[in-house]
Amino acid sequence: MAIAGIVLSVTEGRLPETREALRAFPGIVDVQGLEDDSRLAAVLESPSRRLQADLESLSGLRHVQQLDVAYVNYEEDLDGQGHMACPPHCARGPRRCVSVPEGEPS
């Protein structure tokens, strides 16, 4: 499980409905307004392999102009030596993710 702190820049005057859309998004555990009335801070808990897709979905929400990742914590996914498996490789251009067999370069 990954935990991500994100900041979303929102279309002026659209904070209430964007806040509600965030609260309805699976994995969002907290949403707070920021001082400038055009940004929201949120905490997302997501399986590591799905984190990128969830961030892209959040970025695509109506009235979200920009999504910035403040931090990501993968601590729960680390093995006893502090390592974790790499996510599937995504080719540039149209999204097409492939799994790279363990031991092969990505």
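How many bridges pair strand E1 with strand E3, and in which sense? Strand E1 (residues 2-10) and strand E3 (residues 39-46) pair over 8 bridges, in the antiparallel sense. This is a predicted model, where local features need pLDDT of at least 70 and side-chain atom pairs count only at pLDDT 80 or more, while totals for chains, interfaces and linings use all residues. Residues are numbered from 1 along each chain as its sequence is written, and side-chain values use heavy atoms, with hydrogens and water left out.

**View 1. The whole chain, element by element.** The chain holds 2 helices and 6 strands (DSSP runs numbered from the N terminus: helices are H or I with at least four residues, strands are E with at least two). Start at the N terminus and you'll read β-α-β-β-α-β-β-β. Of the 106 residues, 25% count as buried (under 20% relative accessible area with a 1.4 Å probe, protein chains only; exposed is over 50%, and partly exposed is in between).

**View 2. The open sheet.** Here 4 strands line up in the order E2-E3-E1-E4, with antiparallel pairing (two strands pair if DSSP finds at least two bridges between them). Strands E2 (28-33) and E4 (64-73) are at the edges with a single partner strand each, so one side of each has no neighbour in the sheet. On average, neighbouring strands are turned by 20 degrees against each other, direction ignored (axes are lines fitted to C-alpha atoms, for helices over the stretch in contact, and angles run from 0 to 180 degrees between N-to-C directions).

View 3. Which residues of H2 are buried? They are Leu-51, Asp-54, Leu-55 and Leu-58. Looking down the axis of H2, you'd find these buried residues within an arc of 100 degrees, so they line one face of the helix (the arc is that of the directions from the helix axis to the C-beta atoms). Their cover includes helix H1 (15-24) as well as E1, E2, E3 and E4.

**View 4. Zooming in on Ser-46.** Ser-46 sits in strand E3. Why does Ser-46 count as buried? Because its relative accessibility is 0%. Setting aside neighbours within four places in sequence, Ser-46 is in contact with Met-1, Ala-2, Leu-51 and Asp-54.

Conventions: Contact = heavy atoms within 4.5 Å.
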